[in-house]
Amino acid sequence: MCGSSQGIGLATAVELALLGATCILLARNEERLKKVLSTLDTSNGQQHRYVVADFAELAQVAAVAAKVAAEGPIHILINNTGGRAAGAVLAASAAAFTAAFSQHLLCNQTLAQAVVPGMIKAGYGRIINIISTSVKTPIKNLGVSNTTRWAVAAWSKTLATELAPHGITVNNVLPGSTSTARLEGLFNSSAAARNVTTDVIEAEWLKDIPMQRFGEAREIAALAAFLASPAASYITGTSTAVDGGKTPVM
Ligand SMILES: NC(=O)c1ccc[n+]([C@@H]2O[C@H](COP(=O)([O-])OP(=O)(O)OC[C@H]3O[C@@H](n4cnc5c(N)ncnc54)[C@H](OP(=O)(O)O)[C@@H]3O)[C@@H](O)[C@H]2O)c1
């Protein structure tokens, strides 16, 4: 379960552990990973563990993925990592695109390549990508992110078709504005760029959400947990927003 030291990834690990899964957490911050590990449900006798890897280092992710896959089959892969910095697309450097494609698309691909053979052998596989509602409608001032997210969604849809004959599903969860460190960071950078308080930014964002509140990480995790379960066996190739009704398209 990637990006599981905080936020949506952490909430997903909590939900899946409650459903009886044995979790292998992955992120960079070992201290936080240790803390999360100690809070996960173990009532089904699970022995959760963690691995440290940086999605900015593709070779490192490949090595960790190969090691974990060699230790036993992975049934559920949650692809999740940190979001990109805000900014207009025209101002973005080639290096910013390269880094984003590597962190989001190539790491997902590397992890999938490592775990899919085990999923096929085990007869159970779920790949869930935490992306963004920008897959449906680009978000203002997130140029590199919007572009990269579409690539990940196209990769995911293609993979879903390839893996469907094996009964392995591949789906995307699209969080709307969700109360995590990521959202706080976006409020702070927008406020600084416009020289206003974060309260002003928060109020502006809330206006666009029909439910008039930000999401909770556990509400995003609930969809990921359902998609990971046997109950979702006939759902593949989908992108579902969990956004309080914000996305203005069907
Ligand atoms: N929150 C929102 O409103 C929102 C909305 C739409 C989309 N999203 C997207 O959903 C995803 C999760 O968001 P979140 O709100 O849960 O973010 P978050 O609170 O910032 O958590 C990000 C997680 O990813 C890990 N991570 C970040 N960079 C990493 C790297 N280079 N290598 C390995 N792990 C890394 C972090 O752990 P370490 O720091 O320990 O590595 C952390 O566990 C992000 O892609 C975000 O852009 C979020």
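This note walks through a predicted model point by point, from its sheet to its helices and a few single residues.

1. **Ground rules.** Residues are numbered from 1 along each chain as its sequence is written, side-chain values use heavy atoms, and hydrogens and water are left out. Because the model is predicted, local features need pLDDT of at least 70 and side-chain atom pairs count only at pLDDT 80 or more, while totals for chains, interfaces and linings use all residues. Helices (H or I, at least four residues) and strands (E, at least two) are DSSP runs, numbered from the N terminus.

2. **The sheet.** Start with the strands. An open sheet is built from 4 strands in the order β3-β4-β5-β6, and the pairing is parallel; two strands pair if DSSP finds at least two bridges between them. The edges belong to β3 (76-79) and β6, which have a single partner strand each, so one side of each is left without a neighbour in the sheet. From one strand to the next, the twist averages 20°. As background, strands of a sheet pair through backbone hydrogen bonds, either parallel or antiparallel.

3. **How the strands are joined.** Let us go along the sheet. Strands β3 and β4 pair in the parallel sense over 4 bridges, with Leu-77 opposite Ile-127 in β4. Strand β4 (residues 126-130) is joined to β5 by 5 bridges, and the two run parallel. Here Ile-130 has Val-173 of β5 as its bridge partner. Finally, 4 bridges link β5 to the parallel strand β6 (residues 239-242), where Val-242 stands opposite Pro-175.

4. **Strand β5.** Is β5 buried or exposed? In strand β5 (residues 169-175), 7 of the 7 residues are buried, so the strand is largely enclosed by the rest of the structure. Buried means under 20% relative accessible area, exposed means over 50%, and partly exposed lies in between (1.4 Å probe, protein chains only). In a regular strand the side chains alternate between the two faces of the sheet. You can follow both covered faces of β5: Thr-169, Asn-171, Val-173 and Pro-175 are buried on one side, and Val-170, Asn-172 and Leu-174 are buried on the other.

5. **Strand β4.** Strand β4 is mostly covered too, with 5 of its 5 residues buried. Arg-126, Ile-128 and Ile-130 are buried on one side, and Ile-127 and Asn-129 are buried on the other.

6. **Crossovers.** Strand β3, helix α4 and strand β4 make a right-handed β-α-β unit. A crossover is right-handed if, with the strands pointing away from the viewer, the path from the first strand over the helix to the second runs clockwise. Helix α5 (residues 143-163) lies across β3, β4 and β5, running at about 155° to β5. Axes are lines fitted to C-alpha atoms, for helices over the stretch in contact, and angles run from 0 to 180 degrees between N-to-C directions; contact means heavy atoms within 4.5 Å.

7. **Helix α4.** This helix (residues 94-122) has 29 residues and reaches 41 Å from its first C-alpha to its last, close to the 42 Å expected at 1.5 Å a residue. The expected span is 1.5 Å times one less than the number of residues. Where does α4 bend? The bend is about 35° at Val-115, and the proline Pro-117 follows within four residues; the angle is taken between axes fitted to the seven residues ending there and the seven starting there. Just after α4, Gly-123 has a positive phi of about 75°.

8. Ala-100 lies in α4 and is buried at 0% relative accessibility. Leaving out residues up to four places away in sequence, Ala-100 touches Arg-84, Leu-105, Val-144 and Thr-148. Ala-221, in helix α8 (residues 217-228), is buried with a relative accessible area of 0%. With the neighbours up to four places away again not counted, Ala-221 touches Ala-11, Thr-12 and Glu-15.

9. **Two asparagines to look up.** Most residues other than glycine have a negative phi. Asn-141, in the loop between β4 and α5, has a positive phi of about 65° although it is not a glycine, and Asn-141 is partly exposed at 45% relative accessible area. Asn-195, in the loop between α6 (181-194) and α7 (198-207), has a positive phi of about 55° and counts as exposed at 73% relative accessibility.
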